[in-house]
Amino acid sequence: MLKITNLHATVGGKEILKGLSLEIPAGEVHAIMGPNGSGKSTLSYVVAGRAGYEVTAGEITLNGRDVLAMAPEERAAAGLFLAFQYPVEIPGVQMTTFLKTALNSIRRQRGEAELDALDFLKLMKAKQKALGVTDEMIKRPVNVGFSGGEKKRNEVLQMAILEPSFAILDETDSGLDIDALKVVSEGVNALRGPGRSFLVITHYQRLLDYIVPDVVHVMANGRIVKSGGPDLARELEAKGYAEFTGEAA
Amino acid sequence: MSNVAAIKKTPEKSAFFPETAERVLAGWAAFMAARPKDPEWLAQLRAQGADYLKTRDLPGAKLEGWKYTNLPPLVKQFGDTLGQTLVTFDPVPGVLVQPLTAAQDMDWVREMLSRPAPVQDANADPALWHLCNLYYRDGIAIDVPAGTEAQNALNIAMACDEDLLYIVHTAIRLQPNSRLTIIEDHRGKGAFWKNALSHIRVEEGAHLVHIRIQEDSDKAVYTQTTEVEVMKGGTYEAVALYTGAKMSRNQVHVRLMEPGAACHINGVSLMRGEQHADTTILAEHLAPHCESNQNMRTILGDRAHGVFQGKIHVHRPAQKTDGYQLSKALLLSEGAEMDTKPELEIYADDVKCSHGATTGRLDEEPMFYMQSRGIPADEARALLIEAFAAEVLDLVKDDVVRENLADRVREWLK
Ligand SMILES: Nc1ncnc2c1ncn2[C@@H]1O[C@H](COP(=O)(O)OP(=O)(O)O)[C@@H](O)[C@H]1O
Ligand SMILES: [Mg+2]
């Protein structure tokens, strides 16, 4: 599925990713944990193709295709999705317009027929319900006036509608109370299946009780420094990241 | 003087503005020869125009109010022949619409057409006004009787199709407690110069919605002067959607005459190539408890140039004035340019006035967010531009009219 090899990337002239390698096979859920500033969001932006995040070495492939050669929208059409740590507000662009345009753009790029307004609304309604996103929310402009938790639920709603084959969730749990966390986790778990993989970035082991990962990675200073099973997350929760950052505990 | 041809003495040229606009007078004698005899008041109006244009040039960059828009070089070839503007409309029950020359003997029309031209000062220039009067002929009069609430919008089309000078007058009166929506459609072809003068009077408790969709050819020059008077409790609400013309100057002067009068002067200009769009607004508060709003969005691609000059002038008696002004420009390319000059002139002490002007580019974050969801960059950009224009177009309450305007924006974005 997704393979990252020796990735180096700079932001504003500063090297943030320093030779990161990671392989996530189809159907697996991997988690990345790591201290603030270790480059987790940078990794997610580089995979999604954000301008200003310059790859100086290494490669990323999705099912063998060169991800770095694609524009961000082509990556989405190829099946990539990023649930943003800080979802962006777009005043004046209504949620439904935004999502319908997104879904149809992806379908068009894949050579599939576009959905008409009615079919789209049906799909939206069905997905909305499971995630507790109200009609009132989808009538508003994208993320405008949404609470932190609503924004995160909205990210998962978009994921449920666009049905990516590989999704990165960047701290989707932060800002969520326990009920919202359960709803969001169920949304993610419902999408789990043999053809789909996830990379879950989080600070807290708590999320991994609900979305149980196959592999946990520790990221520090722009690299994966340790990988293990779900137990590693509990270990980190207890001991912190001191042994990876060189700071005293 | 009873006949314009009787003017003999050419007034003095100005030492400060030695250039004159005599070029636009070239075809005047021939024009007048084909006209029936004017009534006395009209002959005088024309004569004043001729006097002025023999001594002063068309407004150019030397004038403070025209420093961003240099008209004379763009119109120097015009003046030999006057084109015939074809003004057409769909009748609306209860609304009286006539060719102006047929209506000109009515008191209200005569009074409106005879309004004194603005005096030349830093911001105002009467040359375009006088030019309109000089060649007065084409145009319409619209009168809405007291209490009439027109259900349908009045659609007016103004057509120009040759490379000539066109002059159009409009006289609009809304009598007390009447309502009307006017939609002006400008879709001229060719490299013409259209110079228009609109006189509007919104009487007590009346409400005029005045939409202008300007899609003239991008070789044309369009100068528009709109002079509005709003009486007690009346409302003048204008939306100008401009995508056409090589150069346009839309000058609106609203005078809020009596308590409770309000105006909303809104506009969206979408320009590309070498287009130039200038919006110059003066809202004058002459009475207490009046409200004025100016809301402009300018979208500029390629090497297009936008200008917004907006002023709120609050006279001494106009206590409790509520004045608002906001111009926002969106630059889509390196070569695009926006000039803004917001001004407040306030002589009353108990007023609420705010003004602001911003010029910016599309935010990178929403662009990336949309692209990351599969929306191609072009489409993402179009959605953001449409949203930017909608900040003003959404102020239109009528759903059909608002959707029509939004469609024009989407059409431009294709
Ligand atoms: N636009 C930027 N310009 C310069 N440095 C940046 C920029 N964005 C992030 N960084 C730096 O990159 C490092 C990694 O940030 P980030 O990827 O957000 O970490 P994490 O998500 O792991 O907390 C930090 O030191 C941060 O200050
Ligand atoms: Mg982060």
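Q: What makes a stretch of chain a strand here?
A: A strand is a DSSP run of E with at least two residues, numbered from the N terminus. In this predicted model, strand 6 of chain B covers 179-186, so that run passes the at-least-two test. Strand 6 of chain B also gives the second largest pocket the largest share of its lining, 4 residues.

Q: What else makes up the lining of the second largest pocket?
A: Strand 8 (207-214) and helix 9 (399-413) of chain B each bring at least two residues, as strand 6 does. The pocket is lined by 19 residues, and B:Q151, B:T181, B:V209, B:D398 and B:V401 lie nearest its centre. Its space comes to about 400 Å³.

Q: How do you know which class each residue lining the second largest pocket goes into?
A: Residue type decides: Val counts as nonpolar and Asp as charged, so B:V209 and B:V401 go in the nonpolar group and B:D398 in the charged one.

Q: What makes up the lining of the largest pocket?
A: Strands 9, 11, 13, 15 and 17 of chain B each put in at least two residues, and strand 11 has the largest share with 5. There are 28 lining residues around a volume of about 660 Å³. Closest to the centre are B:P118, B:N123, B:A124, B:H253 and B:L282. By class, you get 9 nonpolar, 9 polar and 10 charged residues.

Q: Why is the pair A:R50 and B:E365 called a salt bridge?
A: The rule wants a Lys or Arg side-chain nitrogen within 4 Å of an Asp or Glu carboxyl oxygen. For A:R50 and B:E365 the closest N and O atoms are 3.4 Å apart, so the pair qualifies. Side chains of opposite charge can pair when their charged atoms come close. Across the interface of chain B and chain A the rule finds 4 salt bridges, and over all chains the count is 46.

Q: What makes A:R234 and A:D209 a link between separate parts of chain A?
A: Their N to O distance is 3.7 Å, which is within 4 Å, so this pair is a salt bridge too. A:R234 sits in helix 9 (residues 231-239) and A:D209 in helix 8 (residues 205-210), so the pair ties together parts that are 25 residues apart in sequence.

Q: How do you know which residues of chain B matter most for the area buried against chain A?
A: Go by the area lost: about 1900 Å² is buried between the two chains, with carbon and sulfur atoms giving 65%. On chain B's side, B:F368, B:Y369 and B:R373 lose the most, together 41% of what that side buries. The contact takes 17 residues from chain B and 32 from chain A.

Q: Which polar contacts and helices belong to this interface?
A: Chain B and chain A have 12 residue pairs in polar contact. Helix 7 (364-372) and helix 8 (377-393) of chain B each supply at least two residues to the side touching chain A, with helix 7 giving the most, 8 residues. That side of chain B divides into 10 nonpolar, 3 polar and 4 charged residues.

Conventions: Residues numbered from 1 in each chain as written. Chains lettered and ligands numbered in written order. Predicted model: local features only at pLDDT ≥ 70, side-chain atom pairs only at ≥ 80, totals over all residues. Heavy atoms only, no water. Contact = heavy atoms within 4.5 Å. Buried area = accessible area lost by both parts, 1.4 Å probe. Polar contact = N/O pair within 3.5 Å; in protein donor to acceptor, adjacent residues only side chain to side chain. 1 Å grid on protein atoms, 1.4 Å probe; cavity = no way out; pocket = protein on both sides within 12 Å on 5 of 7 lines; lining within 4 Å. Points joined across faces, edges and corners; volume = space filled by probe spheres on them.
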